[in-house]
Amino acid sequence: MRRRSSDVDLGPCLFLVARGHQPTSPPLRLRLNRHDQVEVRRGEALDVAPRHGEPSIDLAIPDTKISARHARFERCLGAWCVKDDGSKNGTFVNGHRVGQAVLADGDTIDVGDTIFVFRDGIAQDGELTYQPSPSLCRGMASVLPDLQAELDELAKMAAAPITILVEGETGTGKEVIARAIHELSARTGALVPVNCGGLPGERVEAELFGWKRGAFSGATADHEGLIRAADEGTLLLDEIGDLPLADQASLLRVLQEREVLPIGGTRPVAVDLRVIAATHRPLDAMASNGTFRGDLLARLSGYRLRLLPLRQRREDLGLILADVLRQRGEAESCRVTVGALRALLRHDWPTNIRGLEQTITRSLVTCAQGVIDVDDLPPAIGGAGPSAAPQPPSHAPPPAPSDPLRERLVGLLREHHGNVAAVARAMGKARMQVQRWVKRYRLVPDEFRE
């Protein structure tokens, strides 16, 4: 059963996203809800050690630009702060050097060549630390606990003869996930990807189901078709939402009967295949308005996974960056400056992981001596435009127990009957920011509904 946010406690986490001098080293998630302090220092190896009898954690990082005593993350009257301990190279929050700063959800903190993201409202899964296992299939790892729980559940589904529907924006890695499912399924046949939007309109059925010789002009030999090519393997129906409505009924019959009738044939041919469908389109809405068959959607929805856009999983950027470098053969030689990491983290990535892959591939060509710096990134990412400029950290004292923001939120939630969008409009803030505050204060909008 999928874990719901109401099933677990939510609280603060510190994510070590990446170390620029070792960009392929695994990221780290550090749970903070049972501790009051994290001391950051230079060490021979990455090590997290709770201090015996104290609610304090010693975090050692193998980074030569980190001082022997560099910085502390501390709980301060209900908020979390970062304090520099007189380090040589400084502590930075959102790109600004600080002596002390109150942290807000989503802030980036860099010490030496190491960059962190502070998050509040994250599921507390009981483990003090978490690092993705190097043995996980490509695309099947995340430092976000809710996403990793879904990926773990998906891995269990891989060996079952169940149809899987992978949804998400363009570039979120749907085909990578499909390949991981196929690999985990241990099926002996091939993974056959089919771009449903790229099939020639007048020959969709012929390409999918195949044909017999003489079935039409030009059919000089039998052709098995894409579905039969996936026999004993996996058929990936990519961009299934682009499949013409007229051809969806024929595909539905194949999925129901597990057999294909080639064009010009008289006997159906049995097929043993696993089907994975992927789309960036809103299939539920399309089924409601009649542009996608509801019965086909039901057949495809044995298990559904929605991949987050990269802007909603910034904590995984280092993990994805490391994967890109390995795929490009740069795992050992490449370095990334903390300034470049900072720019990559604050970019919105409208084309998601695909855009990050293209950016890194380009930067590997332009960088000097294998070191990617800010100037090696495209101007839209490395430039200091208004939308990309880092926001200064707060130097105000941490909120008092009677927090005015919390009181205002409670009042507006009560006034708008738990409607977060209406509260956001009333405050003049983005809905996502209001949702973060709601999680921070552990408010439940449903409790304000009448």
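Mentor: Happy to. The lining of the second largest pocket divides into 15 nonpolar, ten polar and eleven charged residues. Keep in mind that this is a predicted model. The space in this pocket comes to about 820 Å³. Its lining is made up of 36 residues, and those closest to the centre are Arg138, Gly139, Val176, Ile320 and Asp323.

Glycine 20 sits in the loop between strand E1 (10–19) and strand E2 (28–31). Glycine 20 counts as buried because its relative accessibility is 2%, and the cut-off for buried is under 20%. Leaving out residues up to four places away in sequence, glycine 20 touches Asp113, Arg335, Val336 and Leu341. From glycine 20 to glycine 112 there are 92 residues in sequence, yet the C-alpha to C-alpha distance is 9.0 Å.

The other spot is strand E3 (residues 37–42), which pairs with strand E5 (residues 56–61) in the parallel sense over six bridges. Within that pairing, arginine 42 has isoleucine 61 of E5 as its bridge partner. E3 also pairs with strand E6 (residues 71–76), this time in the antiparallel sense and over four bridges. There, the bridge partner of glutamate 39 is arginine 72 in E6.

Key:
Residues numbered from 1 in each chain as written. Predicted model: local features only at pLDDT ≥ 70, side-chain atom pairs only at ≥ 80, totals over all residues. Heavy atoms only, no water. 1 Å grid on protein atoms, 1.4 Å probe; cavity = no way out; pocket = protein on both sides within 12 Å on 5 of 7 lines; lining within 4 Å. Points joined across faces, edges and corners; volume = space filled by probe spheres on them. Nonpolar A, V, L, I, M, F, W, Y, C, P; charged D, E, K, R; others polar. Helix = DSSP H or I, 4+ residues; strand = E, 2+ residues; numbered from the N terminus. Buried < 20%, exposed > 50% of the residue type's maximum accessible area, 1.4 Å probe, protein only. Contact = heavy atoms within 4.5 Å. Pairing = 2+ DSSP bridges.
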